[in-house]
Amino acid sequence: MVQLRMARLLTLANLYPELTPHSLRHTHTSLEQIMDILGHSDDQITKNIYLHFTKEMKKEASQKFSQLMRSL
């Protein structure tokens, strides 16, 4: 049942059918990794610039996921 639902969600989202819940969690990264990549010496710089985007993206993702779950 869970595998069928996952396959259906992946199809609806136009994602690769080989993805698993475990593989999806690896799409996120840590603040420290972002700081290192961008060369920020202070985490406050990274937070000030990027966390407002993250909050908005989480809200949007949550709304889209809720809509998707209601449509099933």
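Accessible areas come from the Shrake-Rupley method with a 1.4 Å probe.

**Figure 1. Surface and overall dimensions of the predicted model.** The accessible surface of the protein amounts to about 6500 Å², and carbon and sulfur atoms contribute 59% of that area. Of the 72 residues, 8% are buried. The C-alpha trace spans about 45 × 25 × 15 Å along its principal axes. The radius of gyration is 16 Å, whereas a compact globule of 72 residues would have a value near 11 Å.

**Figure 2. Helical elements and charged side chains of the protein.** The protein contains four helices and zero strands, in the order α-α-α-α from the N terminus. Its side chains include 9 positive and 7 negative ones, and 14 Å separates the centres of the two sets. The count of salt bridges comes to two.

**Figure 3. Salt bridge between Asp 43 and Lys 47.** The N to O distance between these side chains is 3.4 Å. Asp 43 and Lys 47 lie four residues apart in helix α4 (residues 43-71), so about one helical turn separates them. Asp 43 is partly exposed, with a relative accessibility of 31%. Lys 47 is likewise partly exposed, at 30%.

**Figure 4. Salt bridge between Glu 60 and Lys 64.** The closest N and O atoms of the pair are 3.2 Å apart. Glu 60 and Lys 64 are both in helix α4, four residues apart, and are therefore separated by about one helical turn. Glu 60, at 39% relative accessibility, is partly exposed, whereas Lys 64 reaches 51% and counts as exposed, because the exposed class begins over 50%.

Notes: Residues are numbered from 1 along each chain as its sequence is written. This is a predicted model: local features need pLDDT of at least 70, side-chain atom pairs count only at pLDDT 80 or more; totals for chains, interfaces and linings use all residues. Side-chain values use heavy atoms; hydrogens and water are left out. Helices (H or I, at least four residues) and strands (E, at least two) are DSSP runs, numbered from the N terminus. The radius of gyration is taken over C-alpha atoms; the globule rule is 2.2 Å times the number of residues to the power 0.38. Buried means under 20% relative accessible area, exposed over 50%, partly exposed in between (1.4 Å probe, protein chains only). Lys and Arg count as positive and Asp and Glu as negative; His and the chain ends are not counted. The place of a charge is taken as NZ of Lys, CZ of Arg, CG of Asp or CD of Glu. A salt bridge is a side-chain nitrogen of Lys or Arg within 4 Å of a carboxyl oxygen of Asp or Glu.
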